[in-house]
Amino acid sequence: MSDRVAIVTGAGSGIGRGIAQHLAGNGVSVVVADVDDDSGQETVAQIAGAGGTAMFVHTDVRLAADAQAMVGACIGEYGTPDYLVNNAGLVTMTPFLELPEEEWDLVLDVDVKGQFLCGQAFSRALVAAGRGGAIVNIGSVESEVITASGDHCQVHYNVAKGGVKMLTKGMAFELARHDIRVNGINPGTIDTEFAGPPTERGREFVLARSLIKRLGQPADIARAVSFLLS
C-alpha cells in the first residue's frame, strides 16, 4: 500500500485514529479529517513521530462544502486519493421518549449524511481523474441488533447505522462501474471513549454477553480496513 493516499474521517480519536496510524505505518499518506482540531493535529503528530506522512484538514462531515474542501486539500498536497474511510460518527444516549428533534438530526446528519457527502466528493474526484479506488464505510453491529443497558437503547443510532448499511450497498452498486469498490465494517464494542469514558460496569455488561471475553481494539478494525482497501 506504499505510495497510496487515504482520507480517514473522524481520525482524531478512537477507531479513526487507529485506522489512520495503521495505514500510515504501511506507507500510506493519510489525510486526517476531523471536526476537532486539537485531536486531529495530535493524530498527525503521532503519525509523524512514528515516521509516517499525514496532514490535518478540519472537516465537518455534515457540510458538502467541507467534504469537497477535504478532498481538494488532499489533491493539493498528495494528489488524487486512492482510499476513503468513512469513519466519523456520533452517538448519544437519550431515551426515545425524551429524544429531541435536534439530537435526532445531529446523529443522522453525522453518521449517515456525512458518509454520503464524503463518499460523493471522493468518488467525483476519482471519476474526474479517470481512476478507481476503494471506500470503507464504518457502521456498527447496532445496524442489526438492539443493545440496551437498563430500560432504553439508542434508537436514533440504530436507525443511523442501519442507513449506513444500505448506503454502503447502494454505493457499491453504483460505483462499481467506475472501478470504485465499496465495503462496510460493523464493529461491535471497541475499547475507546466513543460513548464516553468506559466504566467497569459497562465493561462487565459487554463482556458478559461476549463469547470471547475481550473488548475489541481499534487495531482490530484497522487491520480489517487495510485488507478491504488493499
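This is a predicted model: local features need pLDDT of at least 70, side-chain atom pairs count only at pLDDT 80 or more; totals for chains, interfaces and linings use all residues.
Trainee: OK. Which residues have the most contacts inside the largest nonpolar core?
Mentor: I19, L23, V30, V32 and V225. That core has 27 residues.

Trainee: And which elements give two or more residues to it?
Mentor: Strands β1 (5-9), β2 (29-34), β3 (54-58), β4 (83-86) and β5 do. So do helices α1 (14-25), α2 (37-49) and α7 (218-229).

Trainee: Why would nonpolar side chains be buried together?
Mentor: In soluble globular proteins they tend to be.

Trainee: What other core lies apart from this one?
Mentor: Another core of 26 residues. Its members include V57, V61, A121 and V182.

Trainee: Back to L23. Where does it lie, and is it buried or exposed?
Mentor: L23 lies in helix α1. It is buried, with a relative accessible area of 0%.

Trainee: What does L23 touch, leaving out residues up to four places away in sequence?
Mentor: M1, A6, V8, V28, V30, V85, S226 and L229.

Trainee: How far is L23 from V225, in sequence and in space?
Mentor: They are 202 residues apart in sequence. C-alpha to C-alpha, they are 8.9 Å apart in space.

Trainee: How do the axes of α1 and α7 cross?
Mentor: At roughly 55 degrees, and the axes come within 8 Å. That angle makes α1 oblique to α7. The crossing is right-handed.

Trainee: Which residues meet there?
Mentor: From α1, G14, I15, G18, I19, H22 and L23. From α7, P218, I221, A222, R223, V225, S226 and L229.

Trainee: Now α1 and α2. At what angle do they pack?
Mentor: About 25 degrees, with their axes 10 Å apart. So α1 is roughly parallel to α2. Their crossing is right-handed.

Trainee: Which residues make that contact?
Mentor: R17, A20, Q21 and A24 of α1. On the α2 side, S39, E42, T43, Q46 and I47.

Trainee: What about V32? Which residues is it in contact with, beyond its neighbours within four places in sequence?
Mentor: V8, A11, G12, A20, G40, T43, V44, I47, A54, M55, F56 and V57.

Trainee: New topic: N86. Which strand is it in, and is it buried or exposed?
Mentor: N86 is in strand β4. It is buried, with a relative accessible area of 1%.

Trainee: What is N86 in contact with, again skipping neighbours within four places?
Mentor: T9, G114, Q115, C118, G119, I135, V136, N137 and I138.

Trainee: And E102, buried or exposed?
Mentor: Exposed, with a relative accessible area of 58%. E102 lies in helix α4.

Trainee: How far apart are E102 and D37?
Mentor: 65 residues in sequence, and 24 Å in space, C-alpha to C-alpha.

Trainee: Last one: α5. How many residues does it have, and what is its reach?
Mentor: Helix α5 (residues 155-175) has 21 residues. From its first C-alpha to its last it reaches 30 Å. That is close to the 30 Å expected at 1.5 Å a residue.

Trainee: Which residues of α5 are buried?
Mentor: H156, Y157, N158, A160, K161, G162, V164, L167, T168, M171 and L175.

Trainee: What covers them?
Mentor: The cover includes α4 (101-129), β5 (133-138) and β6 (180-185).

Note on methods: Residues are numbered from 1 along each chain as its sequence is written. Side-chain values use heavy atoms; hydrogens and water are left out. Helices (H or I, at least four residues) and strands (E, at least two) are DSSP runs, numbered from the N terminus. The expected span of a helix is 1.5 Å times one less than its number of residues. Buried means under 20% relative accessible area, exposed over 50%, partly exposed in between (1.4 Å probe, protein chains only). Contact means heavy atoms within 4.5 Å. A nonpolar core is a set of buried Ala, Val, Leu, Ile, Met, Phe, Trp, Tyr and Cys residues joined through side-chain atoms within 4.5 Å. Axes are lines fitted to C-alpha atoms, for helices over the stretch in contact, and angles run from 0 to 180 degrees between N-to-C directions. Angles under 35 degrees count as roughly parallel, over 145 as roughly antiparallel, 65 to 115 as roughly perpendicular and the rest as oblique. A crossing is left-handed if the near helix is turned anticlockwise from the far one by less than a right angle, and right-handed if clockwise.
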